[in-house]
Amino acid sequence: MTIRLYNTATRQKDPLVTRTEGRVRMYHCGPTVYASAHIGNFRAFLLADLMRRFFEDQGFEVLQVMNITDVGHMTADDEDLGVDAIEAAAERERLDPYQIARKYEDEFKGFMAALHFRMPHHMPRATEHIAEMGAIIDTLLEHGYAYQVNGNVYFEIAKFPRYGALSGKVLDELEEGARVAVNTEKRDPRDFALWKTDAKHLMQWDAPFAGGMRGFPGWHIECSAMAMKYLGKSFDVHTGGEDNLFPHHECEVAQSEAATGEQFVRTWLHVKHLLVEGQKMSKSRGNFVTVADVFDRGYSGYELRYAIVKVQYRQTLNFTWSGLDDARASIKRVRQAWERVIRIAAGAAAAGADDIAAEVTAAGAAFTAALADDLNTSEALAAVFALVTAINKAQPDVGSAAAAAAALQRFEDVLAVFGEAPTADRPDAPPELLEKVRAREAARAARDFARADQLRDEVAAAGYRIVDSSAGPQLEPM
Ligand SMILES: [Zn+2]
């Protein structure tokens, strides 16, 4: 099936045509590791994981890179104010900048595992790719796209007429924005830094390019260098949050394409910000919600994932705590139906005469079509629930129960929101009763039938019947 993705560069849903047939090469702007990532950051990272899973489901071989921004990183807002978030955090937490970066990188990877990510094939650190950044800066200086003043190197956007095309910003608008901060070194206020010198900066390197001074890289060059190292000069998909579009991605395009003369990226995807209880997350409102906050309130990685993934990535997602309760209830509903068909297929529950194969096929097709249409996860979940309803309404026969169980497993492989497959043994039977079932088996094996009957009666007193099936003894509520 043709996959269509909304491409920021063309402002339409383009069919995914990869440079190499059957392979997708993707780059995702990763975390800046000076504080705990919040759930808004994770909305963007979860899109990356969803794409990986869906593309693999569709038979693509995926090569996925997500960087770790561990160089003292300055956002566009504080670039000219000299605020360095990693150094500020280092001072606050009395650690050195590398300790801060490793601490939050480890935490981030822990959260990825807790949210059931397939780990990207490469997670390069910016601090370990200074040489690659230097090579690009060298080329840009050589070809006159960049200039050096007092050791600072700037990209000259007047030399790259397509600057602004990705984000759709018109030049006047850009000039207006840039006028706020005056930097007399720049030939044009819109020029951006590739390399900076500042004796006070804690993270410093000898210039990795010819004729330079000791300093540190600008933020944008990091992503170009790491993307091209692992994916080549030109690759298929680049994602980020909508706040990355300008200036970060615009600058990535300019410096990469100026250096290589080739199209950097075919398809750009940008994930919309989420709201928390109807409000934009911001430092001033103090309403940042981290993954740890969610776990502290007793919700699982699957539940958080569900609450985020249920809304398509370009739609507004309003994160609420009651939404996590809804997620829990929805997951439970799917698991109950899933468990039922697994039990029927395993012979642990009575099969009926209803053939629901057509419903299974329809749900699978609708699920695929939804995700192929710009990763429409809400529609994909609607397909899952259509199958759940079909299961609940019917007395499935063994064959179509097995097909339904396989379809639900596939949905889980792509979305990773429902959890591991239930077992034919009822997982909601109290563990002490399962223990009695095992003891009864042991008693029967030892031909102690009085003891076996006693255990059966104890289980019955708790409201369960022991049903012997081809999958072994099972508990069913009476
Ligand atoms: Zn980036």
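Helix α13 covers residues 398-415, and its 18 residues should span 26 Å at 1.5 Å a residue; the end C-alpha atoms are 26 Å apart, which agrees. The expected span here is 1.5 Å times one less than the number of residues. Helices (H or I, at least four residues) and strands (E, at least two) are DSSP runs, numbered from the N terminus. This is a predicted model: local features need pLDDT of at least 70, side-chain atom pairs count only at pLDDT 80 or more, and totals for chains, interfaces and linings use all residues. Residues are numbered from 1 along each chain as its sequence is written.

**Around helix α13**

- Look along α13 and you will find buried residues, including A401, L408, F411 and L415. A residue is buried if 20 or more other C-beta atoms lie within 10 Å of its own, exposed if 12 or fewer, and partly exposed in between, with C-beta atoms placed from the backbone.
- What covers these buried residues includes α1 (39-57), α9 (301-309), α10 (321-345), α11 (357-372) and α12 (377-393).

**The four-stranded sheet**

- Four strands line up as β4-β3-β9-β10 in an open sheet with parallel pairing. Two strands pair if DSSP finds at least two bridges between them.
- β4 (61-66) and β10 (265-271) stand at the edges with a single partner strand each, so one side of each has no neighbour in the sheet.
- Strand β3 (residues 23-28) runs parallel to β4, and six bridges join them.

**The three-stranded sheet**

- Another open sheet has three strands in the order β12-β11-β13, and its pairing is mixed.
- Its edge strands, β12 (279-280) and β13 (317-319), each pair on one side only.
- β11 (residues 274-276) and β12 run antiparallel and are joined by two bridges.
- Here V276 has Q279 of β12 as its bridge partner.

**The whole chain**

- In total, the protein chain has 15 helices and 15 strands.
- Its C-alpha trace spans about 90 × 50 × 40 Å along the principal axes.
- Of its 478 residues, 45% count as buried.
- The domain assignment gives domain 1 (4-271), domain 2 (295-415) and domain 3 (431-477); such bounds come from an automatic or database domain assignment.
- Domain 1 and domain 3 have C-alpha centres 60 Å apart.

Methods
Contact = placed C-beta atoms within 7 Å.
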